[in-house]
Amino acid sequence: GAEPGADGNRIRVTGTGSTLSKLSGAPLHTLYVGRSGNSNTLEILAGGQVASGNVRIGGGSGATGTPSGNVATVDGATSTWTIAGTMRVGAGTAGTNSGLDITNGGAVTVTGNSFVGYDAVNDDNHVLVSGTDSQLTVQALTIGRVAGAANNIVTVANGGTLSAASITLGAAGGTNVGGLVIGAGGAAGAVAPATTFFFNDTATT
């Protein structure tokens, strides 16, 4: 989904032994899921494995138009996505309503910082970590990087785990940027110990 009108495209990596790689290395290559198009998907299922450089889900550098509804899914035990760089869910000129779903034992590891709602017009983006042994491991996680990025949500539920060195809500002092939800009306998830939280850049533990 690189250009406006490039909608409904899908990459599916499914089954043990199925891999998509050689997207990382020096220099890092950015993997876009819907840079300018809508409703594009990356699916890593049933033991599939992906290794990439930087990731942008819904928008990113060079995006035009109003990319929306772009989603990456990592589902099933031993399904993994290793991101050697940064991750942004909702970025660029108008990346909205896009997400990353990690379910049923899937795992995503990001070596760099991660953002849900990177720019001022990036609204209604989400990350879901749900199910026993589902895992998202990042460095610093920021939800709503700047004022104007609204209603961006990270949900950890049903035995999923989020591991982050720090979590920031509203880095630039914005309001209604979104939030971190633990449980979502069902069984709780977990945020790993020793995480520092920042609320509008004020630290708490």
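Which order do the strands of the open sheet have?

## The sheet

The open sheet has 7 strands in the order β1-β4-β7-β10-β13-β16-β19, with parallel pairing. Strands here are DSSP runs (E, at least two residues), numbered from the N terminus, and two of them pair if DSSP finds at least two bridges between them. The edge strands, each pairing on one side only, are β1 (10-14) and β19 (178-182). On average, neighbouring strands of this sheet are turned by 5° against each other, direction ignored; the axes are lines fitted to C-alpha atoms, and angles run from 0 to 180 degrees between N-to-C directions.

Within the sheet, strand β7 (residues 71-75) and strand β10 (residues 99-103) run parallel and are joined by 5 bridges. D75 stands opposite T103 in β10.

## Basis of the description

The model is predicted: local features need pLDDT of at least 70, side-chain atom pairs count only at pLDDT 80 or more, and totals for chains, interfaces and linings use all residues. Residues are numbered from 1 along each chain as its sequence is written, and side-chain values use heavy atoms, with hydrogens and water left out.

## Salt bridges

A search of the whole structure finds 2 salt bridges, defined as a side-chain nitrogen of Lys or Arg within 4 Å of a carboxyl oxygen of Asp or Glu. One of them joins the side chains of E43 and R12 (2.7 Å, N to O). Because E43 lies in strand β4 (residues 41-45) and R12 in strand β1, this pair ties together parts that are 31 residues apart in sequence. E43 is buried, with a relative accessible area of 15%, whereas R12 is partly exposed at 46% (buried is under 20%, exposed over 50%, partly exposed in between; 1.4 Å probe, protein chains only).

R145 also forms a salt bridge, with D119, the closest N and O atoms being 3.3 Å apart. R145 lies in the loop between β15 (140-143) and β16 (152-157) and D119 in the loop between β12 (114-116) and β13 (126-130), so the pair ties together parts that are 26 residues apart in sequence.

The search of the whole structure finds 1 aromatic pair. F115 and Y118 form this edge-to-face pair, at 4.9 Å centre to centre and 85° between the planes (rings of Phe, Tyr and Trp, the last by its six-membered ring, pair if their centres lie within 6.5 Å; planes under 30 degrees apart count as stacked, over 60 as edge-to-face and the rest as tilted). Y118 counts as buried, at 15% relative accessibility.

R88 lies over the face of Y118, at 3.8 Å from the ring centre. R145 lies over the face of Y118 at 3.8 Å from the ring centre (NZ of Lys or CZ of Arg within 6 Å of the ring centre and within 35 degrees of the ring normal).

Conventions: Helix = DSSP H or I, 4+ residues; strand = E, 2+ residues; numbered from the N terminus.
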